[in-house]
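Subject: A structure for you to look at

Hi,

I am passing on a structure that I have been going through, with my notes below it. Please open it first and then read on with the picture beside you.

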Amino acid sequence: MRSFKALIIYSSITGNTEKVAMVFAETFREYNIEPTLIKLEGAYLGEKIPDPDRDAYDFLLFGSPVIASLPY
């Protein structure tokens with residue numbers, strides 16, 4: 001049986017987006033989908049993160065806080 005994988009990339013300032021990312025990760029685990037979480041730390045200004053092998057994942061999720069109606 002093929003195993004499925006999910007990549008969750010997120011940034012969180014107050015912790016709310018991180019809580020949502022953790023709920024997604026736990027839900028994926030309940031369905032036997034292996035989540036990988038990458039948190040963009042601090043004042044992330046678009047620095048390059050390691051390029052994950054997108055073909056290795058079945059689900060890609062991105063989470064960001066919203067400040068003044070714009071994503072962080």
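**The helix and its buried side**

The buried residues of helix α1 are Thr 17, Ala 21, Ala 25 and Phe 28. Buried means under 20% relative accessible area, exposed means over 50%, and partly exposed is in between, using a 1.4 Å probe and protein chains only. Looking down the axis of α1, you will find these buried residues within an arc of 80 degrees, so they line one face of the helix; the arc is taken from the directions that run from the helix axis to the C-beta atoms. On the other side of α1, the exposed residues are Lys 19, Val 23 and Glu 30.

Before you go further, please keep in mind that this is a predicted model: local features need pLDDT of at least 70, side-chain atom pairs count only at pLDDT 80 or more, and totals for chains, interfaces and linings use all residues. Residues are numbered from 1 along each chain as its sequence is written, and side-chain values use heavy atoms, with hydrogens and water left out.

Helices (H or I, at least four residues) and strands (E, at least two) are DSSP runs, numbered from the N terminus. With 15 residues, α1 reaches 21 Å from its first C-alpha to its last, close to the 21 Å expected at 1.5 Å a residue. That expected span is 1.5 Å times one less than the number of residues. After α1 comes Asn 32, whose phi is positive, near 60 degrees.

**The sheet**

What is the order of the 3 strands in the open sheet? The order is β2-β1-β3, and the pairing is parallel; two strands pair if DSSP finds at least two bridges between them. The edge strands, each pairing on one side only, are β2 (33-39) and β3 (59-63). On average, neighbouring strands are turned by 15 degrees against each other, direction ignored. For such angles, axes are lines fitted to C-alpha atoms, for helices over the stretch in contact, and angles run from 0 to 180 degrees between N-to-C directions.

Strand β1 (residues 4-10) is joined to β2 by 7 bridges. For Ile 9, the bridge partner in β2 is Ile 38. Helix α1 (residues 16-30) packs on the sheet and touches β1, β2 and β3, with its direction at about 160 degrees to that of β2. Contact here means heavy atoms within 4.5 Å. The buried residues of α1 pack against β1, β2 and β3.

- Thr 17 is in helix α1 and counts as buried at 17% relative accessibility. Leaving out residues up to four places away in sequence, Thr 17 touches Tyr 10, Ser 11, Ser 12, Gly 63, Ser 64 and Pro 65.
- Phe 28 and Phe 59 form a tilted aromatic pair, 5.3 Å centre to centre with 40 degrees between the planes. Rings of Phe, Tyr and Trp (its six-membered ring) pair if their centres lie within 6.5 Å; planes under 30 degrees apart count as stacked, over 60 as edge-to-face and the rest as tilted. Phe 28 lies in α1 and Phe 59 in β3, so the pair ties together parts that are 31 residues apart in sequence. Phe 28 is buried at 11% relative accessibility, whereas Phe 59 is partly exposed at 33%.
- Thr 36 sits in strand β2 and is partly exposed, with a relative accessible area of 25%.

Happy exploring!
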